[in-house]
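Please look through the following notes alongside the model. They take up a pocket and then the ligand site.

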Amino acid sequence: MNVADSRRVAAALEGLGYTPEPRAEDADVIVLNTCVVRQSAEDKAYGRLNSLKPVKKKRPDTVINLMGCLVGVKGHEKLQKIFPMVDVFSPPSDPGPLIAHLTQDESKAHEDAATSRRFAFMDGELALPQHEQGNLVSSFVPVVLGCSHACTYCIIPYKRGIERSRPVGDIVAEVRSLVSQGVKEITLLGQIVDRYGADIPDGPNLSALLRLVHDVEGLERIRFLTSHPNWMTAELLDTVAELPKVMPHIEVPIQAADDEVLANMHRAYTSNDYRRLIADIRARIPNVSIATDIIVGFPGETDAQFQRTYDLLAELKMDVAHLARYSTRPGTVADRRMVDDVSDEEKWERFRALEELQEGIAAEINRRYQGETIEVLFEEKVRGRWRGRTPTNKLVFVETDDDLTGKILPVTITWAGPWSMQGALKPNPVINLEAPVAIA
Ligand code: SAH
């Protein structure tokens, strides 16, 4: 979500004539986009902000914009007191305050309200930053902003505000504009993306949105995340299975497998509900890959309760498990009403146990790819190797001197590890110029 938000700010700045600067220290405008989902992320944000103090001291004209979840949607008086060097505060997903600030500074009379609206999530067009035009293969499109579910551990609803679905026309227009700039794959984003449209009376749901986006010519692949188990309908799963551009990959967090812990997290499903859902996803979408999220060390989680998570992960064998150690977030229900009583040591121990388990599972799943030939969408060259993804979202690396940006090519997997794979391109078919050519 923050990658998408940052890109929108970059695009808005380029619209005003700014150009990217590799070093923050040399820039006229510095935007620090922040995440506070765990304490570690928040610490990083403060660290970076502090590192900008000498920059501002040396060049007071530098505009510093603090953006994202550190700011949130509920005002920033406190932050302003602690960090007077920050010139502009922006809530998540909103480049508006920065653009208004800059246009006022530069051309006084500019129609800033209109300009600032133009770059918020108000309309569809999105001009990519110049260096990404023709180079960016895969992009994010937020479709649901905010969240109203209130899992007891989670700070996102407090920081990103209530759930708001973007109008379908804006989304399709944005996808179209991205595709016209070279993008081949888009990932629709929402905290609970399957709830798309639930807040718009008679609006389309995620399945209907997928169909509309599917019609965009030139778009090759569609993904969406994150799903909540309670909102994944049979209609949605069947739509994924039916539409060829929608990739067979589902991100649906379980968070924990003990029913008491799940209830305390306010997840609103049981481990058996989740089991049934995974079986249903696998039955309806052939060759699907599934990713989950897990939090270890939620308040009150006993060894026996953790063991249930371990056992369920071993049983269900997901392709990917994003693991997190519980981090208490100020203002959340878990922070106010529960005691963060699992020690750091214990959290680490549980984390490592799951990590090791998952490494084995992923290795076992990915081994099945060895020797197979799969269509890979290539994104960019990293450290001499081309990086791409299979429909199931597995990372594949290929060595070649050709420019593969945005190409979908069959790749034979030569090596498969738990986190990535290596492959070889099919050799180019030899064209025999002497042979007679049939002309239709
Ligand atoms: N709405 C999305 C994204 C939430 S944030 C979802 O439901 O997946 C991504 C992940 O961070 C969550 O799935 C959860 O596993 C983790 N997370 C959220 N709050 C956390 C906290 N307080 N401590 C540790 N991990 C947390």
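Which helices and strands each supply at least two residues of the lining of the second largest pocket?

1. Helix 1 (2-15), strand 1 (29-34) and helix 2 (39-51) each do so, where helices (H or I, at least four residues) and strands (E, at least two) are DSSP runs numbered from the N terminus. This is a predicted model, in which local features need pLDDT of at least 70 and side-chain atom pairs count only at pLDDT 80 or more, while totals for chains, interfaces and linings use all residues. Residues are numbered from 1 along each chain as its sequence is written, and side-chain values use heavy atoms, with hydrogens and water left out.

2. The second largest pocket has a volume of about 830 Å³. Among the 31 residues that line this pocket, Leu13, Glu21, Val29, Ile30 and Val31 are the closest to its centre, and by class the lining has 17 nonpolar, five polar and nine charged residues.

3. Around the ligand there are 15 residues, of which Tyr153, Gln191, Gln255, Asp293 and Ser327 come nearest. This shell divides into seven nonpolar, four polar and four charged residues, and strand 10 (289-296) and strand 11 (320-325) each supply at least two of its residues.

4. A backbone N or O atom of Tyr153 lies 3.0 Å from a nitrogen atom of the ligand, whereas the side chain of Gln255 places an N or O atom 2.8 Å from a ligand oxygen atom. For Asp293, a polar side-chain atom lies 2.6 Å from an oxygen atom of the ligand. The ligand exposes 530 Å² when taken alone, and the protein buries 88% of that.

Definitions and conventions: A residue is near a molecule or strand if one of its heavy atoms lies within 4 Å of it. A polar contact is a pair of N or O atoms within 3.5 Å; within protein, one must be able to donate a hydrogen and the other to accept it, and residues adjacent in sequence count only if both atoms are side-chain atoms. Accessible areas come from the Shrake-Rupley method with a 1.4 Å probe; for residues, only the protein chains shown count as cover. Ala, Val, Leu, Ile, Met, Phe, Trp, Tyr, Cys and Pro count as nonpolar, Asp, Glu, Lys and Arg as charged, and the others, Gly among them, as polar. On a 1 Å grid over the protein atoms alone, a cavity is a set of points where a 1.4 Å probe fits but cannot get out, and a pocket is an open set with protein on both sides within 12 Å along at least five of seven lines; lining residues have an atom within 4 Å of a point. Grid points are joined across faces, edges and corners, and a volume is the space filled by probe spheres set on the points.
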